[in-house]
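I opened this entry to look up how two chains meet and where one residue sits. My notes follow the structure.

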Amino acid sequence: MPDFLPKASLREKSGISILNKIMNSDFKKFFEPTPNYAALRELEEKNYHPPTEEEIRNFLNFWQEIYDFWSQNNSPFEMSYAEEKVRVRKALIDKFGFRA
Amino acid sequence: MIRFEKTLKRLDEFCEEVSIKYAVIGGVAVITYDYQRTTKDIDITVLCNLEELKSIHDKFIQSYLPVHDDSLNFFSRNFLLPVKDKITDIKIDVAAGLTIFDDTIIKRRIRTKLGRAEFYICTLEDLIIYKLFASRHLDLGDVEMLLIKNKNSLDKKYLFESAEKFKELEREDISENLQKLFNQQIL
């Protein structure tokens, strides 16, 4: 055992081993370092419903607001940026060739 | 109606009027398939061949504002025509659908609605394949969310068969990434 850890009796007295026992039980899951994606997906699926008309409308308004903010705060160069799309287009032609 | 809806509606009417077959792809298609994220423009692919590039360009330029000065030259070199709607000022990137893949996308396109706009959109499966082909982080993130949101309506057979075909074109990553994202979702 590394010597920087308290002796067993001391750990018992300080409550560290009790804490470990608790941590080994149900409480431990709250301190799980990696997110439990399976549980998260299960929860999401349980609560999922296709967006309602009202939710879609709220989203569309939000989208327009974000777009307006973005377009007012970006240069015309940024607005016309299409390099990535050109790359994909040319890659498609490179792989498939031109349709006869 | 927000400006994006108006732009989509006007675009659909315009393509109908000048007999251009198109399908919405990209961010707007992702949003329409229930993954609500924002996007800065509208991406469409239009069915055409090399000889028709000028005519497609001219039709668009009659009704839309070109983003680049020498737009025909840009379109001929890059097969992408960025234009802006004269009324809404929203940018539309018109991709020349010159490949057999674009042909498939447009043949399988479906009519859909987003808010109050009605237009043609690529199918969910073709959108996923297109995104896997583009393969940027943003695209793979989109695919992950599209799989989650549409797991019950997805044509898995078509999706995997299409991804498999890309192996012959030395793009094994498409089916590998699809499989990886599927396993991750435990679909």
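**Interface of chain A and chain B**

I looked up the interface first: chain A and chain B bury about 4,200 Å² between them, and carbon and sulfur atoms give 63% of this area. I note that the model is predicted.

By residues, the contact takes 39 from chain A and 58 from chain B.

The rule finds 7 salt bridges across the interface. I looked up one pair, Lys85(A) and Asp93(B), whose side chains meet in a salt bridge at 2.7 Å, N to O.

I then listed the elements that give two or more residues to the side of chain A that touches chain B: α3 (37-47), α4 (53-72), α5 (76-79) and α6 (83-96) of chain A. Of these, α4(A) gives the most, with 13 residues. That side of chain A divides into 21 nonpolar, 4 polar and 14 charged residues.

**Thr45(B)**

I turned to Thr45(B), which lies in strand β2 (residues 41-47) of chain B. Is Thr45(B) buried or exposed? I record it as buried, because its relative accessible area is 0%, under the 20% cut-off. Its side chain makes a polar contact with the side chain of Asp102(B) at 3.2 Å. Leaving aside neighbours within four places in sequence, I find Thr45(B) in contact with residues including Arg89(A), Tyr22(B), Ala95(B), Asp102(B) and Ile106(B).

Notes:
Residues numbered from 1 in each chain as written. Chains lettered and ligands numbered in written order. Predicted model: local features only at pLDDT ≥ 70, side-chain atom pairs only at ≥ 80, totals over all residues. Heavy atoms only, no water. Contact = heavy atoms within 4.5 Å. Buried area = accessible area lost by both parts, 1.4 Å probe. Salt bridge = Lys/Arg side-chain N within 4 Å of Asp/Glu carboxyl O. Helix = DSSP H or I, 4+ residues; strand = E, 2+ residues; numbered from the N terminus. Nonpolar A, V, L, I, M, F, W, Y, C, P; charged D, E, K, R; others polar. Buried < 20%, exposed > 50% of the residue type's maximum accessible area, 1.4 Å probe, protein only. Polar contact = N/O pair within 3.5 Å; in protein donor to acceptor, adjacent residues only side chain to side chain.
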